[in-house]
Amino acid sequence: RDLHRLIRRQRQMCIRDRIIGVEFADPYPDFVSNHATHVAGILGGSGSLSNGKYRGVAPNVSIVSYFHGGPGIFYNTTQQIESDYTTAYNNYNFDVVTNSLSVNVVLNNLDCSLLGDYELIAKYIDSVARGSLGKKITSIWAAGNERQLGAPCGQYNTAGVPATAKNSISVGATYNFIWDDNSVASFSSFGPTDDGRLKPDIVAPGDPCLLYTSPSPRDLSTS
């Protein structure tokens, strides 16, 4: 019954007026996903369809969404993210960037040794946080879900890359609502990083949560 309530409630939130730009990358020139819509809704949902009850944490924010994709894995190469960050700064002068993505070692059946690494993307993120684009930028990253599927890479030293950056904020998930004990979710990544730093930096309710969704692949206007 609680899950059915969640499904009904996910239709009661709106991000129509918050999206001011969507930037795509080849070979996916017109790709929109429920995941991006969900993240955008948590950030800036107006709650207009629920009388403000289910609004996002920053309902007046302006959002520009970027797609990361293409061949290879999101590891040790800054080419696309550097291009995206530079374009976003030059075109939109952004202040905060939130990145709900990582290498996804477990889901992609990659080498567990990638986890916890302070690699090139993490180093680039640190430079952006220090002001390499022209001003200091707050950068927030998903800690990763690398303890899912029975934690094949172990419980610790599972920090997702590039959430291993030193000057960004990595966010893990806690149980909420139905399992309201505030414990860290069993899938959410733990540190330490390979160089001994604690991760994640903070945790927040993440399972279960109300979902912002797109009813069709091209629709970012409804929730």
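**Exercise 1. Which residues of α3 are buried?**

Solution. The model is predicted.

Step 1. Start with the element itself: α3 has 14 residues and reaches 20 Å from its first C-alpha to its last, close to the 20 Å expected at 1.5 Å a residue.

Step 2. The buried residues of this helix are Gln-80, Ile-81, Asp-84, Tyr-85, Ala-88 and Tyr-89. Around the axis they cover an arc of only 160°, so they lie on the same side of α3.

Step 3. Consider the spacing rule. An α-helix has 3.6 residues a turn, so residues three or four places apart point the same way.

Step 4. Turn to the opposite face. Away from its buried side, α3 carries the exposed residues Gln-79, Asn-90 and Asn-91.

Step 5. Find the partners. The buried residues of α3 pack against β2 (63-66), β3, α4 and β4. After the helix comes Asn-93, with a positive phi near 50°.

**Exercise 2. Describe the aromatic pair of Tyr-85 and Tyr-124, and the cluster to which these residues belong**.

Solution. 

Step 1. The count of aromatic pairs comes to 4.

Step 2. In the pair of Tyr-85 and Tyr-124, the ring centres are 6.0 Å apart and the planes stand at 55°, so the pair is tilted. To be edge-to-face, the planes would have to be over 60 degrees apart.

Step 3. Tyr-85 is in helix α3 (residues 79-92) and Tyr-124 in helix α4 (residues 120-129), so the pair ties together parts that are 39 residues apart in sequence.

Step 4. Tyr-85 has a relative accessible area of 5% and is buried. Tyr-124, at 9% relative accessibility, counts as buried as well.

Step 5. Tyr-89 and Phe-94 are edge-to-face, 6.5 Å from centre to centre and with 85° between the planes. Tyr-89 and Phe-94 are both buried.

**Exercise 3. Which charged residues lie over the rings of Phe-190 and Tyr-118?**

Solution. 

Step 1. Over the face of Phe-190 lies Arg-147, at 3.8 Å from the ring centre.

Step 2. Over the ring of Tyr-118 sits the charged end of Lys-166, 4.6 Å from the centre of that ring.

**Exercise 4. Which cysteines form a disulfide, and where in the chain are they?**

Solution. 

Step 1. Recall what the bond is. A disulfide is a covalent bond between the sulfur atoms of two cysteines.

Step 2. The structure has 1 disulfide. Cys-112 and Cys-153 form it, with their sulfur atoms 2.0 Å apart. The angle about the S-S bond is -75°, and the link is left-handed.

Step 3. Locate the ends. Cys-112 is in the loop between β3 (96-99) and α4, while Cys-153 is in the loop between β4 (138-142) and β5 (169-175); the pair links distant parts of the chain, 41 residues apart.

Step 4. Compare the exposure of the two ends. Cys-112 is partly exposed, with a relative accessible area of 31%, whereas Cys-153 is buried at 17%.

**Exercise 5. What does Asp-117 touch, not counting residues up to four places away in sequence?**

Solution. 

Step 1. Asp-117 lies in the loop between β3 and α4. At 21% relative accessibility, Asp-117 counts as partly exposed, since buried means under 20%.

Step 2. With that exclusion, Asp-117 touches Tyr-75, Val-161, Thr-164 and Asp-194.

Step 3. Asp-117 and Ala-163 are 46 residues apart in sequence, and their C-alpha atoms are 9.3 Å apart in space.

Conventions: Residues numbered from 1 in each chain as written. Predicted model: local features only at pLDDT ≥ 70, side-chain atom pairs only at ≥ 80, totals over all residues. Heavy atoms only, no water. Phe/Tyr/Trp six-rings, centres within 6.5 Å; stacked < 30°, edge-to-face > 60°. Helix = DSSP H or I, 4+ residues; strand = E, 2+ residues; numbered from the N terminus. Buried < 20%, exposed > 50% of the residue type's maximum accessible area, 1.4 Å probe, protein only. Lys NZ or Arg CZ within 6 Å of the ring centre and 35° of its normal. Disulfide = S-S within 2.5 Å. Contact = heavy atoms within 4.5 Å. Expected span 1.5 Å × (residues − 1). Arc of directions from axis to C-beta.
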